[in-house]
Amino acid sequence: MNTNTLKIKAAEMRKTTWETIYRAKTGHTGSDLSCADILTALYFKVLHQDPKNFQDPDRDRYIQSKGHVVEILYSVLAERGYFPKTELLTYSQFKSDLIGHPTNHVNGIEMNTGSLGHGLGIGVGIAKAAKLDHKSYQTYVLMGDGEQAEGSVWEAAMAAGSFKLDNLTAIIDHNKLQISGPITDVMNSEPLDEKYKAFGFDVIQVDGNDIDALVNVLSANNTSGKPRLILANTVKGKGISFAENQAGWHHKVPTAEQYQQGLDELNAEIGRLSHE
C-alpha cells in the first residue's frame, strides 16, 4: 500500500470512527482522531499479523494502553478483516463484544486495557518473553499524554531499559492535551524525551499525523540495542476543524449539525487525496 493510499485509508478510518461515535452517542473523539494515522501505519503497513490466524505465535504484538481510545481501534480492525464491518453497528450496545475499552473477546486484541498505566508493563512482559523464547516478533505499545502521570509507566520504563528490550517500541500519542486541559497545566510530564532517554530508551520524535514519517520510523530496524520510544507529535481532533486542539473534544459526541459538518470535511479530504 503506497503512501497516498495510506493517507486515504487514515481519512476513511477517521470517517468510520466519526460515524460510529455519533451512532453510539459515546466515544473519545479527540484522541481517536489524533492517533488515526499511527494505527493506520501500524495495521496497514508495519505489523506482521494475519487477521485469519491471529493466534500465530510469531505475530507482532500491539497493546493499546490508552484503552479509552477504542473506537478508532475497532474501525481499523474491522477494515483489516479481524471481524465483519457490520459489527461496528453494535458498538456500545447491550451484549455486544465491542465495548468501551479493548477486550480480547474481540479478534485482533491481545489484552484487555483501559486502566491507564498498565500497557507498557504488559508490553515489557511480552517483549521479555520473546527474548527468553528466542522469538523475533516485535511488540508495540500506544500510550497517551495523561497516562505519563501514572507511576507504573515509569516502573515499566525502568524495566525495559534495564533489560535492553530492543524488540519493544513504545509510542506516545503526544497531542499535549488530556481530559482536563493541557498536560503542562494538569500534570506536567515534560520533557518526555529526556525522561525516556534517562530510562534507557532510544527516543525518536516524529510528526504523528504524517503517514510517510510514521511508516519510515516504525518500519526501521532498531539497531540501538535499547527499547524505542516514538514521541509522535499529534493534533487532538485531527481532521475535524472545530475539534482540533480542543480539550473539550476528549470525550464529546457531536450534535447532528456538528456531525454533518465533520462528515463533509472528512469526505472532502478523502476526495482531495483520491485525486492526487
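1. In what order do the five strands of the open sheet run? The order is E1-E2-E3-E7-E6, with parallel pairing. Strands count as paired if DSSP finds at least two bridges between them; helices (H or I, at least four residues) and strands (E, at least two) are DSSP runs, numbered from the N terminus.

2. This is a predicted model, in which local features need pLDDT of at least 70, side-chain atom pairs count only at pLDDT 80 or more, and totals for chains, interfaces and linings use all residues. Residues are numbered from 1 along each chain as its sequence is written, and side-chain values use heavy atoms, with hydrogens and water left out.

3. At the edges of the sheet are E1 (61–64) and E6 (202–207), each of which pairs on one side only. E6 is joined to E7 (residues 228–233) by six bridges in the parallel sense. Within this pair, Val206 has Ala232 of E7 as its bridge partner.

4. Most residues other than glycine have a negative phi, and most peptide bonds are trans. The bond from Glu190 to Pro191 is cis, with omega near 0°. Pro191 sits in the loop between H7 (183–186) and H8 (192–198).

5. His134 has a positive phi, near 55°. This residue belongs to the loop between H5 (119–132) and E2 (139–144).

6. Lys164 is exposed, with a relative accessible area of 53%.

Note on methods:
Buried < 20%, exposed > 50% of the residue type's maximum accessible area, 1.4 Å probe, protein only.
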